[in-house]
Amino acid sequence: MAGQKMLKFTVVDRDMPEKRPPNLRKQDFNEIYADYARDKAAEQSSRCSQCGVPYCQTHCPLHNNIPDWLRLTAEGRLQEAYEISQATNTFPEICGRICPQDRLCEGNCVIEQSGHGTVTIGSVEKYITDTAFENGWVKPIRPHAERHESVGIIGAGPGGLAAADMLRRQGVQVTIYDRYDRGGGLLTYGIPGFKLEKDIVMQRIAQLEDGGVQFVLNCNVGEDLSFDAIRGKHDAVLIATGVYKTRDLPDSETDGIVNAIDYLTASNRKSFGDDVPEYESGALNAAGKRVVVIGGGDTAMDCLRTAVRQGAESVKCLYRRDRTNMPGSQRETANAEEEGVEFIWLAAPQGFEGEPVSGVKVQKMRLGAPDVTGRQMPEVIAGADYVEDADLVIKALGFEPEDIPTLWGVPELAVTRWGTIKADFTTGKTNLEGVYAAGDIVRGASLVVWAIRDGRDAATAILDYLGQSATVAAE
């Protein structure tokens, strides 16, 4: 069967799902890609070469069994494909939409390296799980037996949700604490709807609630509830707060200069129908403005494309390196350009003009010798400065961890010299008994797929810890 269905990459071209035209998609926040039809998903899956050493799987942080669920999709065995996909990934429908496949699985596809064009792994992954939801293959969380142990999870982002899913399926009592009024973290308030429509996130949160996971929302640990109180209530605690502290620029406190996370949160709240005073006042609204976004990562791409949809007069991106050396997804960069964004490469902010802001002082750069990561270091070109007009400047320079030991009143919680929580990279175990950490808060800013992996790994370690604790108690 597999021989008849697979290895068609030489006769079937790569074909992404149809993309809505830029003039239509930039008028709303709906996802821009259509869904595969069943036959198209099977056709594209059949291009997989079924490698003996699948680089796609190796370069996936979750090590998803990609060749097997591609083969099953090509054979029309979609429920089995979903079950294989779900076995290693708690939220495949989310990863299929927002993972940077061009840097991970698809970017390392063997047939891509041979010049035939990668298999459209992300689009098939999305199709499989969307189909599973439509057909009722996504089963409720119903543990075989309930356990008396409880785990408190601080943070309802992808890492915390993934850990909650694994723990609850094993019968552990799980409570998630989060500062926001909805679960999902950056999935809900950071990533725009044109990449991830919010009903996709909400259906997973509903599944967790139906399965017995308790959510305590609008809860700021250290203010509304102490860390010690949470620790005292549960047998183990997982810290999965993510990183929300924006990396800053000097002298950037002027009106009209805003942080990316504040800007994206306001936009997503507006899409939910919330009352957002900062949006209505124009402080976090790009309508009619000349917008400059500083940064070259995926968050910058989200801000740029959000500003287009809000009706900005112009939208420009300043990035100090060139396109080849930017950290953001090349696919997202291309989508932004199609929607009218102008990229100003080799340009770095030197300062700002006006109060409120009226312009960004720009230094032109060139690329010099590579740094320790292999990327070429930008160097200033003397005498090439100029001013880029702007009414709204959005800082998308990445994120840093908050000072959790101080904020939560737990100075004994060890941190690294970078301010991240000091924890074992495999298990997430911290220096405090029964306290684990996962995701960005350990590694610094990363991607959703890594957060999911870290949440799952931490859940496995916590289950092991609970088992050991039960053994000790019995003795």
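## Close-up views of a predicted model

**View 1. The second largest pocket and the residues around it.** Lining the second largest pocket are Gln79, Tyr82, Glu83, Gln86, Ala87, Thr90, Trp137, Lys139, Asp165, Met166, Arg169 and Arg456. Please keep in mind throughout that this is a predicted model. The volume of this second largest pocket comes to about 290 Å³. Two helices, α6 (78-88) and α10 (158-169), each contribute at least two residues to the lining. Helix α6 gives the largest share, with 5 residues.

**View 2. A salt bridge between Arg309 and Glu339.** Here the side chains of Arg309 and Glu339 come together in a salt bridge, at 2.8 Å from N to O. This pair ties distant parts of the chain to each other: Arg309 belongs to helix α16 (residues 298-309), while Glu339 sits in the loop between α17 (330-338) and β9 (342-344), 30 residues apart. Arg309 is buried, at a relative accessible area of 8%, and Glu339 is buried too, with 2% relative accessibility. Widen the view and you will find one network, in which salt bridges with shared partners join Lys19, Arg25, Arg305, Arg309, Glu332, Glu338 and Glu339.

**View 3. Helix α16 and its surroundings.** Staying with α16, this helix has 12 residues and spans 17 Å from its first C-alpha to its last, close to the 16 Å expected at 1.5 Å a residue. Because 10 of its 12 residues are buried, α16 is largely enclosed by the rest of the structure. The buried residues of α16 are Ala300, Met301, Asp302, Cys303, Leu304, Arg305, Thr306, Ala307, Val308 and Arg309. Just after the helix, look for Gly311, which has a positive phi of about 90°.

**View 4. A buried salt bridge between Asp274 and Arg182.** The side chains of this pair, Asp274 and Arg182, form a salt bridge with an N to O distance of 2.8 Å. Distant parts of the chain are linked by it: Asp274 is in the loop between α14 (260-272) and α15 (277-280), and Arg182 is in the loop between β2 and α11, 92 residues apart. Asp274 and Arg182 are both buried.

**View 5. A salt bridge between Glu402 and Arg179.** A search of the whole structure turns up 40 salt bridges, and this view picks out the one between Glu402 and Arg179, whose closest N and O atoms are 3.0 Å apart. The two residues are 223 residues apart and join distant parts of the chain, with Glu402 in the loop between β15 (399-400) and α18 (404-407) and Arg179 in the loop between β2 (173-177) and α11 (186-189). Arg179 is partly exposed, its relative accessible area being 30%.

**View 6. Helix α12 and the glycine that follows.** Helix α12 (residues 198-210) has 13 residues, and its first and last C-alpha atoms are 18 Å apart, close to the 18 Å expected at 1.5 Å a residue. Within α12, the residues Lys198, Ile200, Val201, Arg204, Ile205, Gln207 and Leu208 are buried. Just after α12 comes Gly212, with a positive phi of about 110°.

**View 7. Backbone angles worth a second look.** Most residues other than glycine have a negative phi, and most peptide bonds are trans. Gln50, which is not a glycine, has a positive phi of about 50°. Gln50 lies in the loop between α3 (38-45) and α4 (55-58), where its 25% relative accessibility makes it partly exposed. Leu346, not a glycine either, has a positive phi of about 55°. Its place is in the loop between β9 and β10, and Leu346 is partly exposed at 23% relative accessibility. The peptide bond joining Glu355 and Pro356 is cis, with omega about 5°.

**View 8. A nonpolar surface patch at Val110.** Val53, Tyr55 and Val110 make up a nonpolar surface patch of about 260 Å². Of these, Val110 is found in helix α8 (residues 110-113) and is partly exposed, with a relative accessible area of 31%.

**View 9. Glu134 and Leu367.** Glu134 belongs to helix α9 (residues 121-134) and is exposed, at 65% relative accessibility. Its C-alpha atom is 50 Å from that of Leu367, a residue 233 residues apart from Glu134 along the chain.

Notes
Residues numbered from 1 in each chain as written. Predicted model: local features only at pLDDT ≥ 70, side-chain atom pairs only at ≥ 80, totals over all residues. Heavy atoms only, no water. Patch = residues over 30% accessible without salt bridge, like charges linked within 9 Å, V, L, I, M, F, W, Y side chains within 5 Å. Areas by Shrake-Rupley, 256 points an atom, 1.4 Å probe, with all protein chains shown as cover. Salt bridge = Lys/Arg side-chain N within 4 Å of Asp/Glu carboxyl O. Helix = DSSP H or I, 4+ residues; strand = E, 2+ residues; numbered from the N terminus. Buried < 20%, exposed > 50% of the residue type's maximum accessible area, 1.4 Å probe, protein only. Expected span 1.5 Å × (residues − 1). 1 Å grid on protein atoms, 1.4 Å probe; cavity = no way out; pocket = protein on both sides within 12 Å on 5 of 7 lines; lining within 4 Å. Points joined across faces, edges and corners; volume = space filled by probe spheres on them.
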